[in-house]
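Please consult the sequence and structure below while reading.

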Amino acid sequence: MSLSGRQRACLEAIGIPRWVRRNLPVAADEPAASHQSRLEVESPAPEPEACPVEQMDWPRLETTIRACTACGLHAGRHHAVVGTGDRQASWLIVGEAPGEQEDLQGEPFVGRAGVLLNNMLVAAGLTRERVYIANVIKCRPPGNRDPQTEEVSACLRYLERQIALIEPDLILIVGRVAAQTLLATDAPVGRMRGRVHYYGSRRIPVVVTYHPAYLLRRPIEKAKSWADLKLALAQRGR
Ligand code: URA
């Protein structure tokens with residue numbers, strides 16, 4: 001039976017070794033080494049992404065994201081930023097994309113916006129270790145520009161898989177780009193915040209609030225973000 005690269009990769013991922021044909025006829029004058037290389041040509045190693053993203057476990061997903069070349073952003077990255085925190089967290093925080101510091105350190109929200117996000121979490125009785133923090137886009141857009149549609153399309157499946165693996169009780173979305181992407185709308189944050197949305201077939205409650213970088217520019221809006229955090233906290237036990 002001949003297996004596709006994708007099938008071979010999935011078998012390998014669940015620990016079933018690759019089938020290698022043993023009874024190839026070897027010509028009398030053919031050296032053993034060339035017989036071996038014929039076997040290798042027949043059974044190429046699976047490409048890292050041959051297993052569908054929606055079936056990947058954490059290690060495979062992480063490796064795939066770090067090796068991803070699905071859009072042009074990979075060319076300028078120092079690190080692909082997978083995410084950080086507790087993979088069994090009840091809360092998932094979703095931001096937009098890594099900035100300069102995140103790209104250098106390989107971790108989301110470690111710059112100035114990250115300090116504010118950490119403080120917001122502590123104010124809500126949480127810490128960044130107790131939640132999981134991820135971005136829609138895993139590689140830094142140059143100059144922190146908005147991600148382009150094709151970059152979002154290439155990357156979104158990774159966040160979708162992270163959501164499926166974490167199974168959070170609540171998703172807190174910070175900022176317009178992440179909110180518009182996950183909720184498939186073009187509404188501004190001002191219209192999405194202040195109420196509960198639902199994500200996916202599990203109807204995970206979603207609360208949208210302002211991006212911490214925006215709050216650094218417009219501290220007057222912090223009171224609204226605090227109200228959004230309280231709305232998120234109120235979803236516990238519902
Ligand atoms: N802004 C984001 O949306 N994500 C980060 O990781 C950092 C800044």
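A polar contact is a pair of N or O atoms within 3.5 Å; within protein, one atom must be able to donate a hydrogen and the other to accept it, and residues adjacent in sequence count only if both atoms are side-chain atoms. By this criterion, a backbone N or O atom of Phe109 lies 2.9 Å from an oxygen atom of the ligand. The model is predicted, so that local features need pLDDT of at least 70 and side-chain atom pairs count only at pLDDT 80 or more, while totals for chains, interfaces and linings use all residues. Residues are numbered from 1 along each chain as its sequence is written, and side-chain values use heavy atoms, with hydrogens and water left out.

**Ligand site**

- The residues around the ligand (a heavy atom within 4 Å of it) are Gly95, Glu96, Ala97, Glu102, Pro108, Phe109, Asn135 and His211.
- This shell comprises three nonpolar, three polar and two charged residues, where Ala, Val, Leu, Ile, Met, Phe, Trp, Tyr, Cys and Pro count as nonpolar, Asp, Glu, Lys and Arg as charged, and the others, Gly among them, as polar.
- A polar backbone atom of Ala97 is 3.0 Å from a nitrogen atom of the ligand.
- His211 places a polar side-chain atom 2.8 Å from an oxygen atom of the ligand.
- Of the 240 Å² of accessible area that the ligand has on its own, the protein covers 91% (Shrake-Rupley method, 1.4 Å probe).

**Largest pocket**

- The ligand takes up the space of the largest pocket, with more than half of its atoms within 2 Å of the grid points.
- A pocket is an open set of points on a 1 Å grid over the protein atoms alone, with protein on both sides within 12 Å along at least five of seven lines; a cavity is a set where a 1.4 Å probe fits but cannot get out, and lining residues have an atom within 4 Å of a point.

**Largest cavity**

- The largest cavity has a volume of about 110 Å³.
- Cys68, Cys71, Cys139, Cys155 and Tyr158 are the closest to its centre.

How values were computed
Grid points are joined across faces, edges and corners, and a volume is the space filled by probe spheres set on the points.
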